[in-house]
Amino acid sequence: MTVMQSKIEERKEVMFTIKTEIIQRLNISRELSQIDDDTPLFGNGLKLDSVDATEIIVMLDKVFNIQVNESDEPSYMRSINSLASFVIVKRQA
């Protein structure tokens, strides 16, 4: 497996885990395939709220062992894709 293939597989795994956790933790009545990687988490997308954002932060800690700092740019919660990028960058730090 090449480095590029390895990174692609890692990203797929992270995105699958994030979607699964969001569906289960937030009781979203959608299937994995119904959540596009770029669907906004808030607003017109999944319509999450501030309580859901807190649950996502808890999920990042419990599932990925990632602690969110006040200095982290909040745009990581824009979509599944941005959350996955955040997780991958934090894992490498």
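## How H2 and H3 cross

A crossing of two helices is right-handed if the near helix is turned clockwise from the far one by less than a right angle. In this predicted model, the crossing of H2 and H3 is right-handed.

Two packed helices are described by the angle between their axes and the distance between the axes. Here, helix H2 covers residues 50-64 and helix H3 covers residues 80-92. Their axes come within 12 Å and cross at roughly 40°. H2 and H3 are therefore oblique to each other.

## Where H2 and H3 meet

H2 brings Ile 56, Leu 60 and Phe 64 to the contact. From H3 come Leu 83, Phe 86, Val 87 and Arg 91. Six of the residues in this contact are nonpolar, one is charged and none is polar.

## A look at H3

H3 has 13 residues. From first C-alpha to last, H3 reaches 19 Å, close to the 18 Å expected at 1.5 Å a residue.

Several residues of H3 are buried, including Ile 80, Asn 81, Ser 82 and Ala 84. Leu 83, Phe 86 and Val 87 are buried too, and these three meet H2. What covers the buried residues of H3 includes H2 and helix H1 (3-25).

## Ile 28 in the loop

Ile 28 sits in the loop between H1 and H2. Is Ile 28 buried or exposed? Its relative accessibility is 15%, and buried means under 20%, so Ile 28 counts as buried.

Leaving out residues up to four places away in sequence, Ile 28 touches Ile 22, Ile 23, Leu 46 and Leu 48. Ile 28 and Leu 48 are 20 residues apart in sequence. In space, their C-alpha atoms are 9.5 Å apart.

Notes
Residues numbered from 1 in each chain as written. Predicted model: local features only at pLDDT ≥ 70, side-chain atom pairs only at ≥ 80, totals over all residues. Heavy atoms only, no water. Axes fitted to C-alpha atoms, helices over the stretch in contact; angles between N-to-C directions. Helix = DSSP H or I, 4+ residues; strand = E, 2+ residues; numbered from the N terminus. Parallel < 35°, antiparallel > 145°, perpendicular 65-115°, else oblique. Contact = heavy atoms within 4.5 Å. Nonpolar A, V, L, I, M, F, W, Y, C, P; charged D, E, K, R; others polar. Expected span 1.5 Å × (residues − 1). Buried < 20%, exposed > 50% of the residue type's maximum accessible area, 1.4 Å probe, protein only.
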